[in-house]
Structures are given as C-alpha cells and as structure tokens.
Amino acid sequence: MTAAPPAGSDTTESGAGAPRRKAVGLLLGVSLFALLADLGTKQLALAELTGREPVSVLGGAVYFSLTRNSGAAWSIGSDHTWIFPIITFLVIGWIAWMALRLRSLPWAVSLGLVLGGALGNLLDRLFRAPGHFVGHVVDMISLFDPYGQVWPVFNLADSALVCGVVLAVFLELTGRQRDGSRLRDEKRDDAAPAEQRESA
C-alpha cells in the first residue's frame, strides 16, 4: 500500500510552473509577431520598391530604399555570408537554454524580440537568392540618406534585434534576473542573517 501524496501537492507544482509557462508563451508570442512583421514588410518592399528610386518620408528623415545585403551592417562580412546562419543557430540555441529557467516577463519580451529578429534574417539567408545559406537579406529603411550613407539600411528584423539587446542590457544593469528575482533582493536576504547576528 503506497502512501497518498500530500494534500495540495499537485496545486503547488502547477502553481510553480505557471510563471515559466507564461514567460515562455510571451517569448514565443513576441518572436512570432516580430517574425511575421518582418516577413510582411519585406514582401511589401519587394512588391512596391523594386525598380524604384528611394521614397522619402518625414521630410527626408526616413527613406524606403530597397537593398539586398550579403553581410552585416555596412556590409561587414559580405564575403563570408555563410557564417551568419551559423551564428544565428547558436543564438537560437542560447535562447532555448535561457528559456529553461525563464520566469521574468520583461526578459521574455527581450528574448522574444531577439529570437524573432534572428529568425527573420535567417530565413533570408537560407531561402533567398543567390542560394541556400548565402542568401542576401532584404533591407529597406534608411535614415537621413537614401542610400545608407549616414546609417546602414536595415529592416524590422534588425530593429527587433537591437531593441531586444538594449532591453536585455537594461535588465542586467537594473539587476533583474531571468528567473524573476532581483540581485538587490538577493543581496538584502544574504545580508539579513549577518545583521541579526551583530544585533544579538
């Protein structure tokens, strides 16, 4: 005869897993939104900007200028396009590992933006011309110059990546951990026993 499990144990386990499921769900939702937005704007750019001169908006602060980039920003690494999909696969693996202990919603947004942006450009590398793993990324947004002379021409995937990384840096600087805890709270808990001993 086996002993019955303690009352409420199922509730405790499911309650402990709820923050992780919520955070992972948010991560996947944000990444899917970023990916679909990137794919949609790329298809729109290909349909509307192919064969056209750059389109100026906001008084020349922004130009829609269709380009295809084989490298990174400013065409860095354009002769080694194959390396970028490998880097992206490593990033995806790192995010999957991070998701194992993810409990923080802000971190879920950050990682979701990075994942969605990475996937958006990865699909270009894998499936666009001139071939698999060496495809050129579709870019269409240029700031203050129609041909990227002031700032590299970019796309929504790049924007998602940058926003995700900036948010991650902010979370690190403010002590917010991926498991939902904060460094300042942990330091306060560690210092409490020492203070109690001194007062005794």
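Tutor: Let us start with a term: a salt bridge is a side-chain nitrogen of Lys or Arg within 4 Å of a carboxyl oxygen of Asp or Glu. This is a predicted model, in which local features need pLDDT of at least 70 and side-chain atom pairs count only at pLDDT 80 or more, while totals for chains, interfaces and linings use all residues. Residues are numbered from 1 along each chain as its sequence is written, and side-chain values use heavy atoms, with hydrogens and water left out.

Student: How far apart in sequence are the parts that the pair Asp-124 and Lys-42 ties together?

Tutor: Asp-124 forms a salt bridge with Lys-42, and their closest N and O atoms are 2.8 Å apart. Asp-124 belongs to helix α3 and Lys-42 to helix α1 (residues 9-49), so the parts tied together by the pair are separated in sequence by 82 residues. Helices here are DSSP runs of H or I with at least four residues, strands are runs of E with at least two, and both are numbered from the N terminus. The answer is therefore 82 residues.

Student: Are Asp-124 and Lys-42 buried or exposed?

Tutor: Buried means under 20% relative accessible area, exposed means over 50%, and partly exposed lies in between, with a 1.4 Å probe and protein chains only. By that rule, both Asp-124 and Lys-42 are buried.

Student: Where does Asp-179 lie, and where does Arg-101?

Tutor: The side chains of Asp-179 and Arg-101 meet in a salt bridge, at 3.5 Å from N to O. The pair ties together parts that are 78 residues apart in sequence, because Asp-179 lies in the loop between α4 (156-173) and α5 (183-199) and Arg-101 in the loop between α2 (83-99) and α3.

Student: What is the relative accessible area of Arg-178?

Tutor: Arg-178 meets Glu-172 in a salt bridge, with 3.0 Å from N to O. Glu-172 is partly exposed, its relative accessible area being 38%, whereas Arg-178 is buried, with a value of 13%.

Student: What pattern does the protein follow along the sequence?

Tutor: The protein has five helices and three strands. Read in sequence order, these elements give the pattern α-β-β-α-α-β-α-α.

Student: How many bridges join β2 to β3?

Tutor: Two strands pair if DSSP finds at least two bridges between them. Strand β1 (residues 55-57) and strand β2 (residues 62-69) run antiparallel and are joined by three bridges, and they form a hairpin with four residues between them, where Leu-58 in the turn has a positive phi of about 55 degrees. On the β3 side, Val-62 stands opposite Leu-143 and Arg-68 opposite Val-138. The strands β2 and β3 also run antiparallel, and the number of bridges joining them is six.

Student: Why is β3 largely enclosed by the rest of the structure?

Tutor: The reason lies in how its residues are covered, for β3 has seven residues. It is largely enclosed because the number of these that are buried is six.

Student: Leaving aside neighbours within four places in sequence, which residues is Gly-164 in contact with?

Tutor: Gly-164 lies in helix α4 and is buried, with a relative accessible area of 0%. Contact means heavy atoms within 4.5 Å. Beyond its neighbours in sequence, Gly-164 is in contact with Ser-110, Leu-113 and Val-114.

Student: Which residues form a nonpolar patch on the surface?

Tutor: Patches are made of residues with over 30% relative accessible area and no salt bridge, joining like charges within 9 Å and nonpolar side chains (Val, Leu, Ile, Met, Phe, Trp, Tyr) within 5 Å. Accessible areas come from the Shrake-Rupley method with a 1.4 Å probe, and for residues only the protein chains shown count as cover. Val-134, in the loop between α3 (105-127) and β3 (137-143), is one member, and the patch has about 570 Å² of accessible area together. Its residues are Trp-82, Ile-86, Phe-89, Leu-90, Phe-133 and Val-134.

Student: Over which residues is the pLDDT below 50?

Tutor: The pLDDT is the predictor's confidence in each residue, from 0 to 100. The mean for the protein is 87, and 82% of its residues reach 70 or more. The stretch with pLDDT below 50, which has zero contacts in the model beyond near neighbours in sequence, covers residues 8-13.
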